[in-house]
Amino acid sequence: MRIDIVSLVPEILHSPFSNSIIKRAINKGLIDIYVHDLRKYGLGKRKKVDDYPYGGGSGMVIRIEPVYQCFSKLLSERNYDEKIFMTPDGKLFSQKYARTLTGKKNIIILCGRYKGIDQRIRDYLISREISIGNYILSGGELAAAVVIESVVRLLPGVIQNKDSILTDSFQKESLIAPPIYTRPVVYKGWSVPEILLSGHHKKIKDWFYQKSMQIKRKLDS
Ligand code: ADE
């Protein structure tokens, strides 16, 4: 899988991709991630990428030309299954859509900044708009990192312990993990639930299930 991210602040994305699971996936050749600096495609000597909105109003808008140039270059090199724009008014991202994205070969992710981007980019160059939640970030970079992290960890070969009890189907469906514990058994008088020390797999599995359901009921109420 290959992901090309187009951003005006590429530095924000260096850290999320140079650590832990994503770094390992890159090193194993399971994913290629390229971050493109949109300013490189800016207009004139000053590499201008934004302008005032027609019709007035405060804030600057990303112009279409730099995005078009950057996309044209990428599209001339390979086909893309999806050209995604990160935006708070996009479709809410979900685990289900993360799973869908694992089936794609090449994806472009465009990160917005400023007041927004020229609507023609959304109308003519973008195939999907994604929001990671009903709140507004200063740009799409952190949202893109969230999407990429959730997709990469689903790619075959990225996470080893696939049979972990915590990835049993009930958790996969509901996304709710039961409480987990590790050593020591007692700390400051706070104990690990006895059932988890019993070695009784069936009872432990039932306990995890009951706990998940309890959490789910609380969240639903
Ligand atoms: N850009 C700014 N806010 C965002 C959000 N909530 N989701 C996706 N992209 C964004």
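Start by selecting strand E5 (82–92) and strand E8 (128–131): each supplies at least two residues of the shell around the ligand. Strands here are DSSP runs of at least two residues, helices of at least four (H or I), numbered from the N terminus. E5 gives the largest share of that shell, 3 residues.

A quick word on what is on screen: this is a predicted model, where local features need pLDDT of at least 70, side-chain atom pairs count only at pLDDT 80 or more, and totals for chains, interfaces and linings use all residues. Residues are numbered from 1 along each chain as its sequence is written, and side-chain values use heavy atoms, without hydrogens and water.

Next, show the residues around the ligand. There are 13, and Thr87, Ile132, Gly133, Tyr135 and Leu137 come nearest. By class, the shell has 8 nonpolar, 5 polar and no charged residues; Ala, Val, Leu, Ile, Met, Phe, Trp, Tyr, Cys and Pro count as nonpolar, Asp, Glu, Lys and Arg as charged, and the others, Gly among them, as polar.

Now turn to the ligand's nitrogen atoms and the protein backbone. A nitrogen atom of the ligand is 2.8 Å from a polar backbone atom of Tyr135. For Ile132, a backbone N or O atom lies 3.0 Å from a ligand nitrogen, and for Thr87 the corresponding distance is 3.1 Å. Each is a polar contact, here a pair of N or O atoms within 3.5 Å. Taken alone the ligand exposes 260 Å², of which the protein buries 97% (Shrake-Rupley areas, 1.4 Å probe).

Finally, move to helix H6 (residues 141–152) and pick Ala145. Ala145 lies 20 Å from Arg39, C-alpha to C-alpha, and 106 residues away in sequence.

Definitions and conventions. Near = heavy atom within 4 Å. Polar contact = N/O pair within 3.5 Å; in protein donor to acceptor, adjacent residues only side chain to side chain.
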